[in-house]
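Here is a short tour of one model, with a helix and a set of charged pairs as its stops. Please keep the structure open beside you as you read.

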Amino acid sequence: MKNLKLEFKWAIIFTVMTLAWMVLEKATGLHGKYIDYHLYLTNLYAIPAIIVMVMALKDKKKNFYDGRMTYKEGLISGVIISVIIAILSPGTQWIISYVITPEYFPNVIKRSVEIGYFNTTEEAEAQFNFANYAKQSTIAALVMGVITTAIAMIFIRTKEK
């Protein structure tokens, strides 16, 4: 477990960053008044997500591997961080859905039917609900974390001469 201390630290930092992002989205009206823009602007979340993952990998390289980390070592670390984030994702989504922005699902359901994205409220409710978002966030955390790590480690790894 001591070897995974940095991975746990960065998974918690990532989770806190995610919650802060959701507070920001809500505060700017993307879950209410400006919900039409949410679909597009929420993708900006990738920027801090990638930054946090890169910082985590650099921290592991510097403070665990004494500045010399192979691609494989970094990939393993990033996968572990991604798995921890994925495990935390349903709880994170619960906090988002029921504490930070409980009005999001009713608002997005109503608006998606109004603009014709879904024909009925039932169809929209099948898409926009806690259970669906909890599953999606878990899978996305794992997949995007591994992809981000695989790409980032090309640049972070110690290059042998």
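The report below starts with the ground rules, then turns to a helix and to salt bridges.

## Ground rules

This is a predicted model: local features need pLDDT of at least 70 and side-chain atom pairs count only at pLDDT 80 or more, while totals for chains, interfaces and linings use all residues. Residues are numbered from 1 along each chain as its sequence is written, and side-chain values use heavy atoms, with hydrogens and water left out.

## Helix α5 and its buried face

Let us begin with α5, which spans residues 104-114. Helices here are DSSP runs (H or I, at least four residues), numbered from the N terminus. The buried residues of α5 are Y104, F105, V108, I109 and S112. Viewed down the helix axis, these buried residues fall within an arc of 125°, so they line one face of α5. That arc is taken from the directions from the helix axis to the C-beta atoms. Buried means under 20% relative accessible area, exposed means over 50%, and partly exposed is in between (1.4 Å probe, protein chains only).

What covers these buried residues? Among the covering elements are α2 (35-41), α4 (71-100), α6 (121-127) and α7 (130-156), where contact means heavy atoms within 4.5 Å. After α5 comes G116, with a positive phi near 85°.

## Salt bridges between elements

A salt bridge is counted when a side-chain nitrogen of Lys or Arg is within 4 Å of a carboxyl oxygen of Asp or Glu. The count by this rule is 6 salt bridges.

One of them pairs K9 with D59, with the closest N and O atoms 2.9 Å apart. K9 belongs to α1 (residues 5-27) and D59 to α3 (residues 46-63), so this pair ties together parts that are 50 residues apart in sequence. K9 is partly exposed at 37% relative accessibility, whereas D59 is buried at 10%.

K26 and E103 form another salt bridge, at 3.3 Å between the closest N and O atoms. Since K26 lies in α1 and E103 in the loop between α4 and α5, the pair ties together parts 77 residues apart in sequence. K26 is partly exposed, at 33%, and E103 is partly exposed too, at 28%.

R111 is partly exposed at 27% relative accessibility, and E114 is partly exposed at 47%. Salt bridges also link D36, K110, R111 and E114 in a network.

Note on methods
Helix = DSSP H or I, 4+ residues; strand = E, 2+ residues; numbered from the N terminus.
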